[in-house]
Amino acid sequence: GDDNIVPLIITKVKNDVMYISSEQEFETNAKSVLSINVQNSIITHNTAYRGAGISINENYECSGVFNNTIFSNNISSNVGGGLDAFHQDIDLESCIFDSNTAGYGGGIFCGDNGSNEKEIIIRSSLFINNQGTNDYSGGIYISSDGSETRPTIINCTITNNDGGLYT
C-alpha cells in the first residue's frame, strides 16, 4: 500500500478546524489543504454550517478522492451534510452516505455555478436515508447553473432519500 494513505476517523468538526485521528493524532486547518485522499475511513456524527463530514474549501483549487469511506449521521445547517465539495473536482468510489442532513445536498453538495467545468465522478456508491431540508436533494445536489459540469454516476444505489439526485 501507499505509505501516505492512512485510515481516518473524523469526529467533532468545529470552527473550520478538522480534528483527525488515526494512528497519530493531529489537527489541520481545513482551509490549507489543497487536495484530500481519504480511504477506508468513517466520518460520522459531525455538525457544521457547511460540509459537516468534510468541507473542501471552495476558495482554493482543490480536489477530493474518496474510496471505501462511510459518511453517516452528519448534520449541516446549510449545504453538504456528508460532503461539501462545491467548486471542486471529486472522485468517489465504494462510498456510503447514510443518514446525513443539510439544507441542500444531505449526502453531497457539489458542482459549480460559474463558467468552470468540474469533474464529478461517483462509482459503486450507496446513498440512503439522507435528507435535504430546503428542497428534495437528500442524496446528491449538483449545482451546474451556467457551468460545464457534467457528472458521471456509475453503478450507484440512491434509495430512501428525501429526493435522490438534484441537478
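This is a predicted model: local features need pLDDT of at least 70, side-chain atom pairs count only at pLDDT 80 or more; totals for chains, interfaces and linings use all residues.
Residues are numbered from 1 along each chain as its sequence is written, and side-chain values use heavy atoms, with hydrogens and water left out.

**Nonpolar core**

- The largest nonpolar core has 21 residues, of which Ile54, Phe66, Leu83, Leu92 and Ile108 touch the most other members; such a core is a set of buried Ala, Val, Leu, Ile, Met, Phe, Trp, Tyr and Cys residues joined through side-chain atoms within 4.5 Å.
- At least two residues of this core come from each of strand 4 (35-44), strand 7 (63-72), strand 9 (83-86), strand 10, strand 13 (108-111), strand 14 (120-123) and strand 17 (140-143); strands are DSSP runs (E, at least two residues) numbered from the N terminus.
- Strand 4 gives the largest share of this core, 3 residues.
- In soluble globular proteins, nonpolar side chains tend to be buried together.

- Leucine 92 is placed in strand 10 (residues 89-93).
- Leucine 92 counts as buried because its relative accessibility is 0%; buried means under 20% relative accessible area, exposed over 50%, and partly exposed in between (1.4 Å probe, protein chains only).
- Beyond its neighbours within four places in sequence, leucine 92 is in contact with Phe66, Leu83, Phe97, Ile108, Ile121, Ile122, Arg123 and Ser125, contact being heavy atoms within 4.5 Å.
- Not counting residues up to four places away in sequence, isoleucine 108 touches residues including Leu83, Leu92, Phe97 and Tyr141.

**Asparagine 161**

- The loop between strand 19 (157-159) and strand 20 (165-166) holds asparagine 161, which is buried, with a relative accessible area of 17%.
- The side chain of asparagine 161 reaches the backbone nitrogen of asparagine 129 at 3.3 Å, and a polar atom of that side chain lies 3.1 Å from the backbone oxygen of threonine 159.
- Among the residues that asparagine 161 touches, not counting those up to four places away in sequence, are Phe127, Gly138 and Gly139.

**Cysteines**

- The structure holds 0 disulfides, a disulfide being a pair of cysteine sulfur atoms within 2.5 Å.
- The cysteine sulfur closest to that of cysteine 95 belongs to cysteine 156, and at 9.3 Å it is too far for a bond.
- Cysteine 95 is buried, with a relative accessible area of 1%, whereas cysteine 156 is partly exposed, at 21%.

Note on methods
Helices (H or I, at least four residues) and strands (E, at least two) are DSSP runs, numbered from the N terminus. A polar contact is a pair of N or O atoms within 3.5 Å; within protein, one must be able to donate a hydrogen and the other to accept it, and residues adjacent in sequence count only if both atoms are side-chain atoms.
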